[in-house]
Amino acid sequence: MHQALPSKGRVGAPMRLYRHRRRGASPFVFAAAIAVAVLSLLPVGFVLVVLVQSGWDTASALLFRPRIGELLINTMLLEVLAVPLSILLALALAWLTERSDLKWRALWRWLAVAPLAIPAFVQAYAWDSAIPVLRGLWPAVLVSVLAYFPLVYLPVIAQLRRLDPAMEDVAATLGTKPPAIFVHVVLPQLRLAISGGALLIALHLLSEYGLYVLIRYDTLTVAIVSQFQAVYDGPAANLMGIVLVFLAVLFLAGEAWLRGERRYARVGGGAARQVALVKLGAWWPLFMALPALVAALAIGLPVVTLLRWLLIGGIEAWHLPQLAVATWQTAGYALAGAVTVCVMALPIAWLAARAPGPLQKTLENIHFQVGALPGVIVALALVAVTVRVALPLYQTVATLLLAYVLLYLPRAIVSVRASLAQVPIELERAATALGRPPLAAVVGVTLRLAFPGIAAGMALVAMGITTELTATLMLSPIGTETLATQFWARTGEFDHVGAAPFALAMVVLSLPLCIILHSQATGARLS
């Protein structure tokens with residue numbers, strides 16, 4: 001069983017939930033996590049400095065306006081509708097592809113992951129091109145769900161494949177129907193996967209800009225970027241960032257409560273057999289309609305739209321020299337950023353898995369708060385710091401990589417934390433008992449077993465960097481051209497034909513990353 005261990009020193013004692021004790025983390029790990037947290041506080045500190053410099057009268061006049069209330073309501077409506085719908089859709093697809101005998105399950109698994117290869121603003125570009133009248137809340141919810149539900153689907157199917165079917169077998173022998181087994185037995189064991197994925201979606205919705213601009217739906221982030229474009233470095237946009245930080249704190253508190261401190265690793269190998277699949281019988285065409293519809297809307301419509309614009313533009317639309325340069329630079333930044341972000345995420349993820357406590361939760365919350373801020377605020381904070389304190393670092397690769405660290409730490413932490421939590425600490429202790437030095441035991445046992453999850457985190461970060469826009473525009477060295485910036489420059493000029501090759505290149509560049517994520521999730525079996 002996953003979550004029960006016998007009480008220490010009591011043979012035959014009742015099974016109870018095991019809670020981590022504060023061990024397994026050296027002072028060096030804490031120091032590294034604190035150092036990363038200090039860096040993560042730069043954007044929030046920048047916003048607070050602006051608040052102090054503006055004064056209470058100016059700040060209250062800017063924040064407590066009807067327009068801010070309207071933007072807050074718009075943002076919260078989007079969260080309240082899109083996040084639960086994404087969870088429900090991900091769970092339904094996970095059940096169909098993992099626990100039923102649905103035909104062509106392997107194909108539907110791939111198609112459920114593939115939307116991650118299509119950036120959210122490319123999704124919106126496709127829908128806006130195909131159906132220009134789509135505007136407002138519900139189209140924004142639709143496109144958001146289609147773009148982000150795989151962030152829940154992937155960890156859920158990975159966790160489903162790790163579960164020991166013994167508990168489900170017991171429930172079945174007691175006469176419980178398969179749907180009730182899934183709700184009452186399986187679903188509670190998916191809490192870590194669901195809460196982590198839902199948090200990522202919630203933070204993405206807070207910081208998303210391009211999608212909602214194209215759908216014409218005003219959120220706090222859209223207003224912040226628009227304000228910056230109108231008045232560079234104005235206090236109104238900076239102060240609105242405080243509202244985003246407050247919302248991020250609420251989401252973090254909710255995720256921490258759902259996740260709890262229960263143990264999710266086990267020492268035994270569990271049952272070495274497949275779970276019995278639920279037979280759909282004559283109803284299989286009806287059940288197949290759901291993954292088919294999702295694939296058509298999330299993949300089919302964007303791909304058809306891109307191909308249509310490419311056919312209209314012909315060979316002249318490709319701009320091959322610019323496309324080649326943008327693809328090369330995007331791939332380089334994605335690789336360098338993914339490695340950097342995951343290395344910096346390791347200390348806090350290690351604390352979450354091995355030494356949870358008040359300090360660890362505080363540090364983790366600091367990292368996640370930055371993920372709620374739009375890239376423009378992170379970029380402006382780094383511009384202010386580099387110009388005033390470290391001018392040689394202004395518009396350098398190092399500063400841009402730091403921006404990627406601040407923006408994408410939440411993605412890496414969720415994946416790395418979940419992967420480390422699945423590795424029993426007893427294996428590491430056994431290695432040290434057999435004579436391995438502690439560091440060698442960590443590298444040779446824990447990190448080796450957790451590497452598939454770390455690789456998934458790197459893939460998630462790389463996909464984010466591939467489509468990152470505002471921070472890249474403001475911080476990249478002169479001459480830098482990425483696929484996202486080239487795409488956005490053309491959509492800003494309503495050049496849908498010219499934007500299509502760059503959108504297609506982003507999709508092609510993201511496909512190998514989706515393969516990594518799919519392989520990690522579907523190959524996550526206990527051995």
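## Overall fold

In the protein chain, 84% of the contacts with a separation of 6 or more join residues 24 or more positions apart, where contact means heavy atoms within 4.5 Å. This is a predicted model, in which local features need pLDDT of at least 70, side-chain atom pairs count only at pLDDT 80 or more, and totals for chains, interfaces and linings use all residues. Residues are numbered from 1 along each chain as its sequence is written, and side-chain values use heavy atoms, with hydrogens and water left out.

The protein chain has 23 helices and 2 strands; helices (H or I, at least four residues) and strands (E, at least two) are DSSP runs, numbered from the N terminus. Of the 527 residues in the protein chain, 56% are buried. Buried means under 20% relative accessible area, exposed means over 50%, and partly exposed lies in between (1.4 Å probe, protein chains only). The accessible surface of the protein chain is about 22300 Å², and carbon and sulfur atoms hold 71% of that surface. Accessible areas come from the Shrake-Rupley method with a 1.4 Å probe, and for residues only the protein chains shown count as cover.

## Helices α7 and α10

Helix α7 (residues 150–162) packs against helix α10 (residues 191–207) at an angle of about 170°, and their axes are 8 Å apart. Axes are lines fitted to C-alpha atoms, for helices over the stretch in contact, and angles run from 0 to 180 degrees between N-to-C directions. The angle makes α7 roughly antiparallel to α10. Angles under 35 degrees count as roughly parallel, over 145 as roughly antiparallel, 65 to 115 as roughly perpendicular and the rest as oblique.

On the α7 side, the contact is made by L151, V152, P155, V156 and Q159, and on the α10 side by A193, I194, G197, A198, L200, I201 and H204. These residues divide into 9 nonpolar, 3 polar and no charged. Here Ala, Val, Leu, Ile, Met, Phe, Trp, Tyr, Cys and Pro count as nonpolar, Asp, Glu, Lys and Arg as charged, and the others, Gly among them, as polar.

## Helices α17 and α18

Helix α17 (residues 375–388) and helix α18 (residues 397–421) pack at an angle of about 140°, with axes 10 Å apart; the two are therefore oblique to each other. Residues G375, V378, L382 and T386 of α17 meet T399, L402, A403, L406 and L407 of α18. The contact of α17 with α18 comprises 6 nonpolar, 3 polar and no charged residues.

## Loop residues with positive phi

Most residues other than glycine have a negative phi. W104, which is not a glycine, has a positive phi of about 60°. W104 lies in the loop between α3 (66–99) and α4 (105–113) and is exposed, with a relative accessible area of 55%.

Q395 also has a positive phi, near 55°, in a residue other than glycine. Q395 is placed in the loop between α17 and α18 and is partly exposed, at a relative accessible area of 26%.

L504 is found in helix α23 (residues 496–522) and is partly exposed, with a relative accessible area of 23%. Although L504 and V122 are 382 residues apart in sequence, their C-alpha atoms are 9.1 Å apart in space. Not counting residues up to four places away in sequence, L504 touches L306, L310 and W318.

T467 belongs to helix α20 (residues 438–467) and is buried, with a relative accessible area of 19%. Under that exclusion of residues up to four places away in sequence, T467 touches P119, F121, A484 and M506.
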